Amino acid sequence: MRETAKLSTLNISSLVSTGAGFDLLRYYTLPDFLGKDAPYLLYFMGKNIARETTLETWDDLYEFFQYMGWGELQLIKEKKKEFIFHLSGHIIEKRLTQKLYNVDFRLECGFLAQIIQVITSDTYECFEQINKKENTVEITAIKG
């Protein structure tokens, strides 16, 4: 087993990146190597990243999303077996309006599903719905 520090908002904030390199890997390289399985792998990569964090609260989660350059995450509705989040901000608008590749949010969904499990002690699966008109992403977490 490898010995590495857990990810936190403190050590993530020290990384310097524009995200462009990550987008190249995410939207060009992975799909080229993995074909139609790329979105599934991205989802599980998100879950794996979440397992390597120290996040335990909703506020930690929202801050982590911003540090990672994943956008501004906001819980807009909570039901007994469901959470609905909006992902928005400048970075989301940029991703949704570019014309080079098809955008998805599978990595973010996997990450969110795992962190919700940490916070609530229940298993959730997340699905995204892109709203290009408003340049937002609605992520629904459903208790599994």
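Phe111 touches Gly46, Lys47, Ile49, Ala50, Thr53, Leu55, Leu61, Phe64, Phe65 and Trp70, leaving aside residues up to four places away in sequence. Contact here means heavy atoms within 4.5 Å. This is a predicted model: local features need pLDDT of at least 70, side-chain atom pairs count only at pLDDT 80 or more, and totals for chains, interfaces and linings use all residues. Residues are numbered from 1 along each chain as its sequence is written, and side-chain values use heavy atoms, with hydrogens and water left out.

**Nonpolar core**
- The largest nonpolar core has 32 residues, and Phe85, Phe111 and Cys126 touch the most other members.
- Such a core is a set of buried Ala, Val, Leu, Ile, Met, Phe, Trp, Tyr and Cys residues joined through side-chain atoms within 4.5 Å.
- α6 (106-120) is among the elements that give two or more residues to this core, and α6 gives the most, with seven.
- Helices (H or I, at least four residues) and strands (E, at least two) are DSSP runs, numbered from the N terminus.

**Helix α3**
- Ala38, Leu42, Tyr43, Gly46, Lys47 and Ala50 of α3 are buried.
- Buried means under 20% relative accessible area, exposed over 50%, partly exposed in between (1.4 Å probe, protein chains only).

**Nonpolar surface patch**
- Phe33, Leu34, Leu41 and Met45 make a nonpolar surface patch of about 370 Å².
- Patch residues have over 30% relative accessible area and no salt bridge; nonpolar side chains (Val, Leu, Ile, Met, Phe, Trp, Tyr) are joined within 5 Å, like charges within 9 Å.
- A salt bridge is a side-chain nitrogen of Lys or Arg within 4 Å of a carboxyl oxygen of Asp or Glu.
- α2 (20-34) and α3 (38-51) each supply at least two patch residues.
- Phe33 lies in α2 and counts as exposed because its relative accessibility is 65%.

Definitions and conventions: Accessible areas come from the Shrake-Rupley method with a 1.4 Å probe; for residues, only the protein chains shown count as cover.
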